Amino acid sequence: MGRYDIERYLNVRSAYGASFGPDGERLSFLMDTTGTAQVWTLEGPREWPEQRTFYDERITFASWSPERPELIFGMDEGGNERAQLYRLDAETGEIENLTAMPDAKHRWGGWSHDGDRFAFASNRRDESVFDIYVQGRDETGEEAELVYEGDGWLSLAGWSPDDSRLLVSQAYSNFDQDLYALDLETEALEHLTPHEGDVRYQSASWAPDGEGIYLVTDEGDADTLYLAYLDLGGGARSAPELETVVADEEWNVDGIALDDETGRFVYSKNVEGYTDLTVGEFDADEPTAFETFPEPDLPGGVAGGVSFDPDAERFALSTTGDTVNTNAFVVDVETGETERWTAAPTGGIPPETFDASELVHVESFDGLEVPGFLTLPGEDEASETETGEGVPVIVDIHGGPEGQRRPSFSSVKQYFLDRGYAYFEPNVRGSAGYGADYAALDDVEKRMDSVADIRACVEWLQDHDAVDPDRIVAKGGSYGGFMVLASMTEYPELWAAGIDIVGIANFVTFLENTGDWRRELREAEYGSLAEDREFLEEISPTNNIEHIAAPLFVLHGENDPRVPVGEAEQIAEQAEAQGVPVRKLIFEDEGHGFSKLENRIEAYSAIADFLDEHV
């Protein structure tokens, strides 16, 4: 059944996270050729790359020094997300652990422009909050200087052009943040965005003169994110002094990458999940004025991760699409000419056999239009499972909940398409990418409205000519795992089977046991234990388990710091007690998802066998 096994599909590689070295000739990137993402470098387009790290654990990012042939990368252990920072000497290959505090999380904050220091946020002082540190490039461990003690979820957006200040972001929820400027000499923190209510201030970058900030925001009750300039002059302020640079009433400006020496930039719009890029350069005398350059012609439809070369004459980024695996490209800023630098292989599978999705809209119970991507198997694959009643469908629900399913490459999706399944990826209410109002439609007491959207999508699928209405599967990870379980307990008659991957089974036990640094941020979305406990208990799948009817497969990582493994154990035990066919698979060396190739092979082989048996 199917032309290629799961191991072949999971050997379709991805190359991403590209970063130019200080000479502008060498590019680093991450690629998962060994089964987990490692650091690679190459010195020209499509040249043979050199592998620079050789760990069993995944590398999460790599960033070149602006002045020396060295880079810093991040790596955790067993999926525990307690990343440490390491320095790789690109000439000798020597690697040094710069943080060496395995019980703490370290969140990268960037190199200083002279390459002598770097900054990061860490919860090493108190697990529930993040502080700001600055460290010399040749210092390690406790030699890092604590420059600001935080009281919440802090991250860094980079050094000012003169390296005197750091741009600090504090998140209260995914839809409410603040920005601050931290003076490294006086350690004074200037509040740049005083506001009331929920306002997003994201993707912030210093202007070249250090007198302002470019960012995306929905300040002023905008429904979508727009690109704005924040003037830092004028001293104390009661509200941010914002000037609109680019606004779109229908679609978000997702973010901006800015070279703070030349004012050259790339910003992206998210148009129904597809990326629309604009390349330009800001006027040095008028911060909201800019000229644009030709738009690059990139394959796939989804792009991101922009990194300029030292002179900002080129930038690297990654692109992907339904039928295009992820690779790094380099674009000439002024001409838009594009060249593919990496050659991530497709596991020997002809790319022309990959199936493309169609953007569709489903009317939900209250008239809301729910977007989604439907992919039907090719004629050859569909004929293998032909029953005269259409093909089975996997409804794959994204996590977040403020995530968004976009038409990017998925080897797992292509594997199941090859086996004759259709694939449907809905962006139910609460998803990002469609405006703040849409994203708020599932908040707290409206949570189950998003589950009702899943019902509407399944009923739409049942009426589709190509679909077998009796063979529809719910699949999802993280918050998407909750959506799977809630859909199965709320609407048991719709499903032939369910696949719950690192999912939430009970909101109360989840919030009680998730990482201390995440609890407040998650309560802002789901509701708080103090005020909403009764409601959270009411909607939790474990408290509605008597309704579940379809076979259930539960998968989890033992080291998951976000959704503790107890969520998997309790739902599997309680569903089995109801007489439901249940399979459980726990990986001892994984966290919130499966990063190691052998584990992914085992997981998706087991899922395929489970679906063969029950669907």
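1. P401 is found in the loop between β31 (391–397) and α3 (411–418), where helices (H or I, at least four residues) and strands (E, at least two) are DSSP runs numbered from the N terminus. The peptide bond that leads from G400 to P401 is cis, with omega near 5°. As a general rule, most peptide bonds are trans, and most residues other than glycine have a negative phi.

2. This is a predicted model, in which local features need pLDDT of at least 70 and side-chain atom pairs count only at pLDDT 80 or more, while totals for chains, interfaces and linings use all residues. Residues are numbered from 1 along each chain as its sequence is written, and side-chain values use heavy atoms, with hydrogens and water left out.

3. D221, in the loop between β18 (212–217) and β19 (226–231), has a positive phi, near 65°, without being a glycine; D221 is exposed, at a relative accessible area of 79%. V502, in the loop between β34 (497–501) and α7 (507–513), also is not a glycine and has a positive phi of about 45°, but V502 counts as buried at 4% relative accessibility. Here buried means under 20% relative accessible area, exposed over 50% and partly exposed in between, with a 1.4 Å probe and protein chains only.

4. Leaving aside residues up to four places away in sequence, F507 touches Y479, F482, Y526, L536, I539 and S540, contact being heavy atoms within 4.5 Å.

5. A search of the whole structure finds 33 aromatic pairs, that is, rings of Phe, Tyr and Trp (its six-membered ring) with centres within 6.5 Å, called stacked if the planes are under 30 degrees apart, edge-to-face if over 60 and tilted for the rest. One of them is the tilted pair of F424 and W460, at 5.9 Å centre to centre with 35° between the planes. This pair links distant parts of the chain, since F424 is in strand β32 (residues 422–426) and W460 in helix α5, 36 residues apart. F424 is buried, with a relative accessible area of 0%, whereas W460 is partly exposed at 27%.

6. F61, W108, W111, F118, F120 and Y133 form one aromatic cluster. R124 lies over the face of Y133, at 4.8 Å from the ring centre.

How values were computed: Lys NZ or Arg CZ within 6 Å of the ring centre and 35° of its normal.
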